[in-house]
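Here are some notes for a colleague who is coming to this structure without having seen it before. They are meant to be read beside the model, one point at a time.

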Amino acid sequence: YEVLTAADGEEGVALAEARTGPISIVVSDIVMPGIHGDVACARIRERRPDVPVLFISGFSQEALRWQHGMPAGARLLSKPFTLDDLALSVRELIDGR
């Protein structure tokens with residue numbers, strides 16, 4: 001994989017906007033400095049509506065406060081997780097499973 005790394009949500013949005021090639025998946029923590037991951041991913045999806053999103057969080061699905069439910073095409077991977085868990089989740093989302 002070619003990985004684009006951002007320090008926070010704003011940088012992630014800027015990287016996605018500057019990218020001319022495809023983005024196969026966005027992996028983002030939910031709670032981050034500046035804008036949170038769900039907001040950053042919503043902004044990225046304004047231009048790339050079909051990009052799958054893997055959120056990672058130490059909070060459970062029930063503890064998260066999704067304003068409109070988890071976004072379509074997104075999945076939550078709860079911390080702690082193994083590298084195998086991460087790799088499998090990324091691959092499944094890229095493959096559309």
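Contact, as the word is used in these notes, means heavy atoms within 4.5 Å. With that in mind, glycine 9, leaving aside its neighbours within four places in sequence, is in contact with Met32, Pro33, Ile35 and Ala40.

1. The overall plan. Please keep in mind throughout that this is a predicted model. The chain holds three helices and three strands, and when they are read along the sequence they follow the pattern α-β-α-β-β-α. Of the 97 residues in the chain, 33% are buried. Among contacts between residues at least 6 apart in sequence, 49% join residues at least 24 apart.

2. The buried side of α1. Which residues of α1 are buried? They are Gly9, Gly12, Val13 and Ala16, and because they cover an arc of only 100° around the axis, they lie on the same side of α1. An α-helix has 3.6 residues a turn, so residues three or four places apart point the same way. In this model, the buried residues of α1 pack against α2.

3. The buried side of α2. Helix α2, which spans residues 37–47, has Gly37, Ala40, Cys41, Ile44 and Arg45 as its buried residues. These cover an arc of only 135° around the axis, which places them on the same side of α2. What covers the buried residues of α2 includes one helix, α1 (9–18), together with the strands β1 (26–29), β2 (53–57) and β3 (74–78).

4. How α1 and α2 are arranged. Two packed helices are described by the angle between their axes and the distance between the axes. For α1 and α2, the axes come within 9 Å and cross at roughly 10°, and that angle makes α1 roughly parallel to α2. The crossing of the two helices is right-handed. By class, the contact of α1 with α2 has four nonpolar, two polar and four charged residues. On the α1 side these are Gly9, Glu10, Gly12, Val13, Ala16 and Glu17, which meet Ala40, Arg43, Ile44 and Arg47 in α2.

5. Isoleucine 44. Where does isoleucine 44 sit, and what does it touch? Its place is in helix α2, and with a relative accessible area of 9% it is buried. Leaving aside its neighbours within four places in sequence, isoleucine 44 is in contact with Gly12, Val13 and Ala16, and also with Val26 and Val51. Isoleucine 44 and alanine 14 are 30 residues apart in sequence, yet they are 8.8 Å apart in space, C-alpha to C-alpha.

6. Arginine 45. From C-alpha to C-alpha, arginine 45 and alanine 16 are 9.5 Å apart in space, while 29 residues apart in sequence.

7. Valine 39. Valine 39 lies in helix α2, but at 35% relative accessibility it counts as partly exposed. Valine 39 and glutamate 10 are 29 residues apart in sequence and 9.5 Å apart in space, taken from C-alpha to C-alpha.

8. Serine 28. Turning to the strands, serine 28 is found in strand β1 and is buried, with a relative accessible area of 7%. Not counting residues up to four places away in sequence, serine 28 touches Gly37 and Cys41, along with Leu54, Phe55 and Ile56.

9. A cis peptide bond. Finally, the peptide bond from lysine 79 to proline 80 deserves a look: it is cis, with omega near -10°. Proline 80 is found in the loop between β3 and α3 (83–94).

How values were computed: Residues are numbered from 1 along each chain as its sequence is written. This is a predicted model: local features need pLDDT of at least 70, side-chain atom pairs count only at pLDDT 80 or more; totals for chains, interfaces and linings use all residues. Side-chain values use heavy atoms; hydrogens and water are left out. Buried means under 20% relative accessible area, exposed over 50%, partly exposed in between (1.4 Å probe, protein chains only). Helices (H or I, at least four residues) and strands (E, at least two) are DSSP runs, numbered from the N terminus. The arc is that of the directions from the helix axis to the C-beta atoms. Axes are lines fitted to C-alpha atoms, for helices over the stretch in contact, and angles run from 0 to 180 degrees between N-to-C directions. Angles under 35 degrees count as roughly parallel, over 145 as roughly antiparallel, 65 to 115 as roughly perpendicular and the rest as oblique. A crossing is left-handed if the near helix is turned anticlockwise from the far one by less than a right angle, and right-handed if clockwise. Ala, Val, Leu, Ile, Met, Phe, Trp, Tyr, Cys and Pro count as nonpolar, Asp, Glu, Lys and Arg as charged, and the others, Gly among them, as polar.
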